[in-house]
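Hello,

I am passing a structure on to you, with the sequence and the 3D view just below. Have a look at it first, and then read on for what turned up.

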Amino acid sequence: MGQRAGEIFAKIDIMGFWGIGLFSNDTACDIRDDYRQLIEDGVDDAEATRQIMAQYGPMFDDPDDGTSALLAFAVTQSKIGRLDPAVRDRALAVIDSGGDLALWTAENPKLVAKRKQVLAKARDQLTGPQPARKRLRRPSQPHCGLAAGDVLALDLPAGPVLLRVVRVRVHRKGE
């Protein structure tokens with residue numbers, strides 16, 4: 001981050017925010033990633049929405065984090081052609097009420113105009129024509145070819161070293 005950007009955002013003492021963008025905070029990114037993961041895993045649209053609402057619902061009402069959290073959810077749904085009308089209406093109501101502009105005004109008035117642009121762009125996305133429903137595929141899961149108990153030899157300048165595989169951790173994106 002450049003010195004100028006560092007000076008601007010140093011005044012923002014909101015935990016996890018690094019800019020004015022819709023996905024410039026930890027919560028918004030978590031919501032986007034969690035929702036997309038549910039869809040990638042084949043969870044039905046309504047069930048995925050229900051799960052995100054159950055997990056992040058209290059955050060959507062938070063005066064500090066709620067605007068970006070709710071808008072991140074609505075815009076993520078919109079981008080993949082799955083915008084739920086109730087989520088859209090709730091997000092539009094937040095934008096129409098001023099969103100988090102009071103917080104930005106208090107924390108860094110220089111950025112309020114840019115934040116207004118972000119909110120206007122989100123509003124346009126939510127009220128404009130919606131894209132066709134996109135199918136999200138699960139990421140491939142490459143396998144490392146190792147199993148617990150395998151022994152590997154590592155040739156170091158001081159001589160060979162043997163390493164034993166204790167466990168192979170499997171997660172959604174590989175081993």
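Let's begin with Asp100, which is found in the loop between helix 5 and helix 6; helices here are DSSP runs (H or I, at least four residues), numbered from the N terminus. Please keep in mind that this is a predicted model, where local features need pLDDT of at least 70, side-chain atom pairs count only at pLDDT 80 or more, and totals for chains, interfaces and linings use all residues. Residues are numbered from 1 along each chain as its sequence is written, and side-chain values use heavy atoms, with hydrogens and water left out.

Is Asp100 buried or exposed? Asp100 has a relative accessible area of 2%, so it is buried (buried means under 20% relative accessible area, exposed over 50%, partly exposed in between, with a 1.4 Å probe and protein chains only). Not counting residues up to four places away in sequence, Asp100 touches Thr67, Ser68, Arg115 and Leu119 (contact means heavy atoms within 4.5 Å).

Next, the core. The largest nonpolar core has 36 residues, and Ile52, Phe60 and Leu126 touch the most other members. Such a core is a set of buried Ala, Val, Leu, Ile, Met, Phe, Trp, Tyr and Cys residues joined through side-chain atoms within 4.5 Å. Among the elements that give two or more residues to this core are helix 2 (26-40), helix 3 (45-60) and helix 4 (66-79). The largest share, 7 residues, comes from helix 4. Leaving aside neighbours within four places in sequence, the contacts of Ile52 include Tyr35, Phe60 and Phe73.

Those three aromatic residues are worth a look of their own, as Tyr35, Phe60 and Phe73 form one aromatic cluster. Rings of Phe, Tyr and Trp (its six-membered ring) pair if their centres lie within 6.5 Å; planes under 30 degrees apart count as stacked, over 60 as edge-to-face and the rest as tilted. How many aromatic pairs does the structure hold? There are 2. The ring centres of Tyr35 and Phe73 are 5.4 Å apart with planes at 75 degrees, so this pair is edge-to-face. Because Tyr35 lies in helix 2 and Phe73 in helix 4, the pair ties together parts that are 38 residues apart in sequence. Tyr35 is buried, with a relative accessible area of 0%, and Phe73 also counts as buried, at 0%. Phe60 and Phe73 form a stacked pair, 5.9 Å centre to centre with 10 degrees between the planes.

Happy exploring!
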